[in-house]
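Here's a quick briefing on the model you have open. Have a look at it first, and then we'll go through sheets, pockets and a couple of residues.

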Amino acid sequence: PKKKTTIKRKAKVRDLGEKYGDSYVNTVLVPNGKPDEYECKICPKGTSIGYKGHKRHLLETNSHRIRIPSGQVRAHEQLVEKINASIKKKEGNVVEEEANKRGYLEFLALCMKSRCSFKQISELGKGLKKMAKEKNLKFLDQNAFTEEEISLVARCFGESLLEELKEDLTKSNFSLCLDNSTISGTNISILEARYLKTEAINNLPVTSIQNRIIGVKYLDTSTTGETMYKVVNEKLSKLGKETKGNLIALAHDLAGSLTGEENGLIAHLRPDFPKRFLYDLEDPCHRLNLVIKHSLDHLPNDLIDFINDIHSHFSNSPQRVAILAQVRKNDELNEISLCHYVKSRWLSLSSSLKRLLHIWESLKKYVEKIKIDEEKNPKYESFLKLLNDPVFKIKVIFLSGILDKVTSRNINFQKQTL
């Protein structure tokens with residue numbers, strides 16, 4: 001059999017001359033064949049110096065200093081200056097790195113204190129980072145950031161955005177989304193334009209959906225179709241006559257003042273468009289929500305009561321949430337509780353049922369525990385009976401599956417992308 005040949009690899013040694021920009025050091029400390037080890041040509045033969053100890057040897061070792069030939073003293077002094085400069089630079093980098101970390105954490109803390117979302121903090125950080133690269137942060141020192149000053153600038157931005165919106169809506173067809181709401185006893189109507197806009201990104205045309213608020217109107221007690229017609233005309237007239245001509249559709253909830261074919265908003269608007277059919281869309285998301293709402297009324301009472309009661313049991317009770325978390329921790333499971341279920345939120349029930357089924361076994365153990373720790377409560381008996389009923393659980397699974405399909409459609413309708 002052929003003998004295996006062993007190839008000896010040359011030991012890796014860092015080039016000190018390159019490190020300090022000084023060729024003299026390579027004549028003093030010469031690689032001895034071992035990784036990152038050198039032999040000092042000035043000290044007694046055989047003196048071995050490791051990479052980590054080369055600075056101390058050159059800067060502090062008296063036996064080395066006294067043996068330096070007179071013709072090399074100046075070269076040695078220059079090398080010492082370069083080594084000291086390297087040390088100071090490294091120490092400065094450490095200090096700068098610590099300052100950067102501290103500044104980053106202070107920025108995050110300030111944003112969180114101001115209740116910015118993670119997405120908002122991310123966008124702010126990326127924006128500042130881009131400005132820092134362009135060396136465009138002097139404004140931080142030169143401006144006071146008072147509320148009055150910010151308000152004035154915001155108005156200027158508002159005027160600019162309004163001009164941009166006018167230009168967009170005179171070039172593109174758009175639909176108008178309307179919604180009325182009551183806030184602190186005051187009726188408010190909000191109008192939003194929705195249209196497609198093509199922009200050049202990296203020299204390529206990209207089309208996206210644009211959603212722009214074009215008006216907010218405080219309403220009187222009366223919100224008839226005629227009232228809404230006046231509101232729409234008022235807001236569109238501010239955008240110019242050409243703008244209204246590009247209106248092709250309305251989208252809204254099922255309010256009578258908007259949907260009525262005789263006295264609703266659409267009935268008042270259509271005569272303004274004799275040569276164009278104005279499409280009237282009753283929001284499918286509202287429709288789906290009504291389907292779910294009325295369907296739930298026909299389900300067995302014990303199912304709906306259980307869903308409402310079990311979520312109500314944990315809401316506003318950190319103690320109960322903590323007990324459930326401990327139950328899951330004992331089983332080496334992630335410490336999660338039920339979702340915050342809000343009946344008025346369309347997508348809330350689906351996610352709440354998914355979480356309910358996910359922690360079903362933990363809920364059984366939780367109820368068994370509190371039955372012992374707390375006084376007898378007939379509701380706990382009811383919880384435990386239903387949680388232990390496999391047929392009842394199948395009902396919850398079925399409802400969750402149906403809601404998941406409806407919710408996915410709802411989410412698709414609400415997407416802001418093409």
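Is Lys364 buried or exposed? With 16% relative accessibility, Lys364 counts as buried, since buried means under 20% relative accessible area, exposed over 50% and partly exposed in between (1.4 Å probe, protein chains only). Bear in mind that this is a predicted model, where local features need pLDDT of at least 70, side-chain atom pairs count only at pLDDT 80 or more, and totals for chains, interfaces and linings use all residues. Residues are numbered from 1 along each chain as its sequence is written, and side-chain values use heavy atoms, with hydrogens and water left out.

- Lys364 sits in helix H17 (residues 360-373); helices (H or I, at least four residues) and strands (E, at least two) are DSSP runs, numbered from the N terminus.
- Leaving aside residues up to four places away in sequence, Lys364 touches Leu384, Leu387 and Asn388, where contact means heavy atoms within 4.5 Å.
- Gln210 belongs to strand S6 and counts as buried at 9% relative accessibility.
- With the sequence neighbours up to four places away again left out, Gln210 touches Ala193, Arg194, Tyr195, Lys197 and Glu199.
- Gln210 and Thr417 are 207 residues apart along the chain, yet their C-alpha atoms are separated by 9.0 Å.

**The five-stranded sheet**

- Five strands make an open sheet in the order S6-S5-S4-S7-S8, with mixed pairing; two strands pair if DSSP finds at least two bridges between them.
- The edges are strand S6 (204-219) and strand S8 (279-282), each with a single partner strand, so one side of each has no neighbour in the sheet.
- On average, neighbouring strands here are turned by 25° against each other, direction ignored; axes are lines fitted to C-alpha atoms, for helices over the stretch in contact, and angles run from 0 to 180 degrees between N-to-C directions.
- Strand S5 (residues 186-201) runs antiparallel to S6, and 15 bridges join them; Glu192 has Ile213 in S6 as its bridge partner.
- Helix H8 (residues 147-171) packs on this sheet, touching strand S4 (174-183), S5 and S6, and its direction makes about 70° with that of S5.

**The three-stranded sheet**

- The order is S1-S2-S3 in this open sheet, and the pairing is antiparallel.
- Strand S1 (29-31) and strand S3 (48-50) are at the edges with a single partner strand each, so one side of each is left without a neighbour in the sheet.
- S1 pairs with strand S2 (residues 37-40) over three bridges, and Leu29 stands opposite Cys40 in S2.

**Pockets**

- On a 1 Å grid over the protein atoms alone, a pocket is an open set of points where a 1.4 Å probe fits, with protein on both sides within 12 Å along at least five of seven lines, and lining residues have an atom within 4 Å of a point.
- The largest pocket holds about 710 Å³ of space, a volume being the space filled by probe spheres set on the grid points, which are joined across faces, edges and corners.
- It is lined by 25 residues, with Cys177, Glu192, Arg194, Ala251 and Asp283 nearest its centre.
- The second largest pocket has a volume of about 390 Å³ and a lining of 21 residues, of which Ile292, Leu296, Tyr341, Lys343 and Leu349 lie nearest its centre.
- Helix H13 (284-296) is among the elements that give two or more residues to the lining of the largest pocket, and H13 also supplies the largest share of the second largest pocket's lining, five residues.
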